[in-house]
Amino acid sequence: MAVFNNAYLNYHKPIYDFVFYKTQSDFIASEVVQLTFIRLWERRTALVDNLELNIQLFGMARQVMIDQLRKEATRFRYNQQSDQHPFTDNLMNMIESKDMLKQFEQEIAAMPPIRKTVFNLSRNNGLSYAEIAEIMDISTKTVESHIGKVLSRLKQYMFNILF
């Protein structure tokens with residue numbers, strides 16, 4: 001028990017910092033740290049004696065982080081498929097971390113102006129693709145294309161934080 005407590009004291013913050021750096025999410029970093037130390041406790045008898053504890057802990061943390069992000073990505077995908085408007089309040093509620101939302105907003109801000117406008121009309125105003133097409137004097141297919149590109153970029157961002 002003393003060894004576990006010592007490991008927790010020495011590695012809690014470095015693991016949190018590692019995960020936060022990768023995900024930019026306080027929520028995910030906190031969850032991963034908790035789950036990593038639970039995993040350490042559950043597997044304490046299976047640790048490799050000739051491999052340093054920090055290497056084993058960071059390996060566990062990385063795997064737990066990947067597992068958590070995969071769960072979030074799956075939840076994201078199923079919520080997206082079940083909704084007529086792919087980026088609605090359901091998805092916003094799913095992204096529990098303000099930090100992650102801030103990163104998404106930065107990704108959106110870096111997009112071409114017409115794409116941002118189309119996306120914001122869909123997300124913020126809840127307009128249909130047809131309504132956006134009429135307002136912007138573009139085709140519905142163009143609106144769909146812009147929304148698809150925004151979602152693709154956000155999805156790519158989610159997968160990039162895995163590594």
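Trainee: Is Tyr8 buried, exposed or partly exposed?
Mentor: Tyr8 counts as partly exposed, at 33% relative accessibility. Buried means under 20% relative accessible area, exposed over 50%, and partly exposed in between, with a 1.4 Å probe and protein chains only.
Trainee: What should I know about the numbering and the model?
Mentor: Residues are numbered from 1 along each chain as its sequence is written, and side-chain values use heavy atoms, leaving out hydrogens and water. The model is predicted: local features need pLDDT of at least 70 and side-chain atom pairs pLDDT 80 or more, while totals for chains, interfaces and linings use all residues.
Trainee: OK, and how many aromatic pairs are there?
Mentor: The structure holds five. Rings of Phe, Tyr and Trp (its six-membered ring) pair if their centres lie within 6.5 Å; planes under 30 degrees apart are stacked, over 60 edge-to-face, the rest tilted.
Trainee: How are the rings of Tyr8 and Phe37 arranged?
Mentor: Their centres are 4.9 Å apart and their planes at 65°, so this pair is edge-to-face.
Trainee: And Phe37, buried or exposed?
Mentor: Phe37 is buried, at 3% relative accessibility.
Trainee: Which residues make up the ring cluster?
Mentor: Ring pairs link Phe4, Tyr8, Phe37 and Trp41.
Trainee: What sits over the ring of Trp41?
Mentor: The charged end of Arg44, 3.8 Å from the ring centre. The cut-offs are NZ of Lys or CZ of Arg within 6 Å of the centre and within 35 degrees of the ring normal.
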